[in-house]
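Good morning, and thank you for coming. Please look at the structure on the screen while I describe one part of it.

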Amino acid sequence: ALLSFATVAIANNYSRPKISDTETLEIKEGRHPVIEKQLGHGEQYVPNDIYLDNDTQQIMIITGPNMAGKSALLRQTALIVLMAQMGSFVPADSAKIGLVDKVFTRVGASDNISSGESTFMVEMVETASILNNLSDRSLVILDEIGRGTSTFDGVSLAWSIAEVLSQSNERPKTIFATHYHELNEMTNRFDRIKNFNVSVKESGKKILFLRKLVEGGSEHSFGIHVAKLAGMPQSVLKRATQILSTLEKSHDLEGGKSSKSTKNAKLQATEQDDSMQLSFFQLNDPVL
């Protein structure tokens, strides 16, 4: 095993981590040990920095579009901690790792048909297990919590989970990847929550995935663009773009109204307009 560690470390330019009794996790230019080996000829893995502690930056909320690299970043952080604590060098320029007693992850989506549990139920069961077994040395990796239910339920649950993690006595180090951009607001209300996003570069109607983690929240998901990359028919993409534009305008307009339509988030089809109109609650409405 030790010979394997040494061989892999030399072959892949790993570095020796510094293990300490602190509660700080600092990774410089970290990489995913599996993904970097699967890249095509000439491709370079884009490394990223991670910093977590219990006092100043306990929770990193990471936004950004699909395919940008959020999940890879979450997984590589957990893998680097595991590799370091089992005596291996790690895929990073440097790593300072305060001892971690538990690595909790809630990533991926799967149902449990044999037990009659839906994807969302499995997600909730696993998240409940995490929240009930935390310690001050835990590392918590959460990917897209709340996506398996309605938007309002999902945002409410995601916000509440992040808030509880922040306010708990244990203060576990947490990385939380989400598409709910409303969670960007949490950094203004809680001292130890910081926003980051996996950056993209927009050029006309195209986007380039830079895969670099930068400070600040993201406001766009680029889901339709990813659907295009997947080969979705042009007619579907065109119609989705029209509906998205209508929904965004409707969301902005309804936020300032107190009409009956705001009491129910419902789709309305009009004879005059073949596009769709959706009445939304404004998510930052103090009444809500």
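Strands β6 (residues 102-106) and β7 run parallel to each other and are paired over 5 bridges; two strands count as paired if DSSP finds at least two bridges between them. Within this pairing, Phe104 lies opposite Val140 of β7. Helices (H or I, at least four residues) and strands (E, at least two) are DSSP runs, numbered from the N terminus.

This is a predicted model, in which local features need pLDDT of at least 70 and side-chain atom pairs count only at pLDDT 80 or more, while totals for chains, interfaces and linings use all residues. Residues are numbered from 1 along each chain as its sequence is written, and side-chain values use heavy atoms, with hydrogens and water left out.

Strand β7 also pairs with strand β8 (residues 173-177), again in the parallel sense and over 5 bridges. There, Leu139 has Lys173 of β8 as its bridge partner. Between β7 and β8 the chain passes through helix α5 (residues 151-167), and this β-α-β crossover is right-handed: with the strands pointing away from the viewer, the path from the first strand over the helix to the second runs clockwise.

How many residues of β7 are buried? In this strand, residues 138-143, the number is 6 of 6, where buried means under 20% relative accessible area, exposed over 50%, and partly exposed in between (1.4 Å probe, protein chains only). One side carries Ser138, Val140 and Leu142, and the other Leu139, Ile141 and Asp143.

Finally, the protein chain has 7 helices and 12 strands, and 39% of its 288 residues are buried.
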